[in-house]
Structure formats: C-alpha cells, structure tokens
Amino acid sequence: MRTEPLFSAIIIFYNAEQFLAEAIDSVLNQSEESWELLLVDDGSKDGSAAIAREYVHRIPEKIRYLQHPDQANHGMSATRNLGVRNSSGEWIAFLDADDIWLPMKLAEQKALLSSHKEAGLLYGSYLYWSSWSSELTQTSDFQRGISVPPNTLVYPPNLMLLNYPLGKGPAPSMSDLAVRKTVVDRVGGFEESFSGIYQMYEDQAFLAKVYLATVAFVSAQCWSYYRQTPTSCSAVNQAAGNYDEIRRFFLEHLERYLASQNNQNPLIWRALRRALWPYRHPYLSKISSLRCGGLRRFRRFLSSLNA
C-alpha cells in the first residue's frame, strides 16, 4: 500500500539542461524521506526532458515526469498548476530548476510545521548564489533578510503590508517556501494570466493571495541557494527596461483581485493606491519627485554649511 508523502516537491523547467540535474540531486540528498518529486516540463527544446526522464527511470517510485498535453510552452504559472494538480503531498515545496535545496531543508521545515500547526505557509532566508558552476565555494555570502522578527507567526494580512512589492521587506524565494496544498487549492493556484514578460511577477501574484488566506511562520533559517544568472526572467526584463510595465500589470491585477474578494482593509488599499499613484499620475509624480529631490539637496547643502 502506497503511503502519501508529506511533501510534494515540484520543479518546473524550460530549457534548463545546464542546471536541472543539480536541482534534482538536491532533492535526492534531503535527510527527510517523505517526499515525492514532480518534474514538470514547460515545452523544453533542449536536453532537459531527457535528464528528467532518466531520473524517473532510476527512481520511479519517488519521481514523476509531467508535461502539458500539447507539449507546448504555457508559462511558469500554468506549469506550476499542472504540478500542483498532480501532487499528493500535504505540503507543496517548489524548487526552481536553477536553484538548490540544502540537505536539511525538508527535515527542518517538517519539525517547524509540526510545532506550528496553524501555519499554512512557511519560509525562511536564502542565499544569493553568484555562481554558474556547481562549486558552492563560489556562493555569495549575502543572506537575504526577512521582514519580521525571526521565528514568528504572522497572521493575515500582515505579510501583504510588510513584504515586497507593497511593503519594504524582501519577498520569499519560491525555492525556499512550503505551502499547504489545501491553501493552494483554496486561493485558486497560480495566476495563468502572468505569462510572457509578466512571468516576472507570477510568484508575487500567487503569494499575495496566500498572504491574505493563511497564517505564515517566518524562520531565520536558510534552506536554499538562489542562483543569479543573466538569463533569469527578472534579469532579462530588468535589462530590457520592462520593470515598470510589469509592476503596473501586477498592481492593477491585485486591485481587481482585492475588489473581487470584497477586501475592505484600509491599510492594504492605502498601500496599493500609493504604489499605483506614479503610474496613474506620471506628471504629478515626476514633479513631486523633483521637488523632493531638490529639498534633499537643499538639506544636504545646509548640513555642509554646519559641518
């Protein structure tokens, strides 16, 4: 009789043959054994599918390979949803194909989740990985911070106000978190309208819904390495100058979502309107920015006179 795993690890990939095996190996190296791994192909044209199928051939009882029925590229959100629909674990743990988990990731998360049963979301810190090879000695020593005191239960909707993109704190890495599958189902999974260049914010569109739906436990522990490459979705769009267009798309989507949920929280609406203001009033925003910049320069001038 097959025992359902505690964790469903989901790796989505598109033309990821350079790093995919390393990501998969980091799941195989987990000290916690109650997991399944779903390798979800988003229409790859390189050797990624062959790598995935080889792991399935080696460990068919733990690993499955999935693809869209038409074998085409549907985007990250649709591909994450395909993995979630086919998962059987109580908790979903995502891992991007160019990142890796540290060996104690699932074991330590299991212990925390057992101690904080009210939580439907768990995440911690992660390490930026400035390497294109498998040498961990080349990792950056900059650890991403968290927006609340460590080892804290956070109740809705506080993370919406604390974390990027409405708050000033860092957003969690998708490769670091674990989210209860019932929560994913309740919020409707990932937003598939975030395709093309808008994939840069597909994780934020999902997390915004989760922040409003469940209690989160935020840990200080580091469980993943977040690889920085010039071909990542965020790097490509930043280089192309698409950031403002993508951010506005997300903010207006969030506005519609909050209205559809009849959300009445004044703090959230105030933060959202503040974020949207520069896009809806660009000329006033520019004038305000120039005035504030001039005031800052004047204050610096006065400070220099008193120095």
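The model is a predicted one. Strand β4, residues 91-94, pairs with β1 in the parallel sense and with β8 in the antiparallel sense. One cavity of 30 Å³ or more is present, and two cis peptide bonds are described below, from proline 156 to proline 157 and from tyrosine 164 to proline 165.

- Strand β8, residues 178-180, is antiparallel to β4, with two bridges between them; here isoleucine 92 is bridged to valine 179.

**Aromatic pairs**

- Seven aromatic pairs are found in the whole structure.
- One of them is the edge-to-face pair of phenylalanine 94 and phenylalanine 190, with 5.3 Å from centre to centre and 85 degrees between the planes.
- Because phenylalanine 94 belongs to strand β4 and phenylalanine 190 to the loop between α6 (181-186) and α7, this pair ties together parts that are 96 residues apart in sequence.
- Both partners are buried: phenylalanine 94 has a relative accessible area of 0%, and phenylalanine 190 has one of 3%.
- Phenylalanine 194 and phenylalanine 249 form an edge-to-face pair at 5.0 Å centre to centre, with 75 degrees between the planes.
- This second pair links the loop between α6 and α7, where phenylalanine 194 lies, to helix α9 (residues 243-260), which holds phenylalanine 249; the two residues are 55 apart.
- Phenylalanine 194 is buried at 1% relative accessibility, whereas phenylalanine 249 is partly exposed at 23%.

**Charges over rings**

- Arginine 80 places its charged end over the ring of phenylalanine 94, at 5.4 Å from the ring centre.
- Lysine 62 lies over the face of tryptophan 35, 4.0 Å from the centre of the ring.

**The cavity**

- The largest cavity has a volume of about 50 Å³.
- Its lining consists of Met160, Asn163, Tyr164, Pro165, Leu166, Gln204, Ala208, Tyr211 and Phe250.
- Helix α7, residues 202-213, gives the most to this lining, with three residues.
- The lining comprises seven nonpolar and two polar residues, and no charged residues.

**Cis peptide bonds**

- The bond between proline 156 and proline 157 is cis, with omega about 0 degrees; proline 157 lies in the loop between β7 (152-154) and α5 (158-162).
- A cis bond also runs from tyrosine 164 to proline 165, with omega near 15 degrees, and proline 165 is in the loop between α5 and β8.
- Tyr164 and Pro165 are both among the residues that line the largest cavity.

**Positive phi values**

- Asparagine 15, a residue other than glycine, has a positive phi near 50 degrees; it is placed in the loop between β1 and α1 (20-28) and is partly exposed, with a relative accessible area of 34%.
- Asparagine 262 likewise has a positive phi, near 55 degrees; this residue is in the loop between α9 and α10 (266-280) and is exposed, with a relative accessible area of 53%.

Notes
Residues numbered from 1 in each chain as written. Predicted model: local features only at pLDDT ≥ 70, side-chain atom pairs only at ≥ 80, totals over all residues. Heavy atoms only, no water. 1 Å grid on protein atoms, 1.4 Å probe; cavity = no way out; pocket = protein on both sides within 12 Å on 5 of 7 lines; lining within 4 Å. Points joined across faces, edges and corners; volume = space filled by probe spheres on them. Helix = DSSP H or I, 4+ residues; strand = E, 2+ residues; numbered from the N terminus. Nonpolar A, V, L, I, M, F, W, Y, C, P; charged D, E, K, R; others polar. Pairing = 2+ DSSP bridges. Phe/Tyr/Trp six-rings, centres within 6.5 Å; stacked < 30°, edge-to-face > 60°. Buried < 20%, exposed > 50% of the residue type's maximum accessible area, 1.4 Å probe, protein only. Lys NZ or Arg CZ within 6 Å of the ring centre and 35° of its normal.
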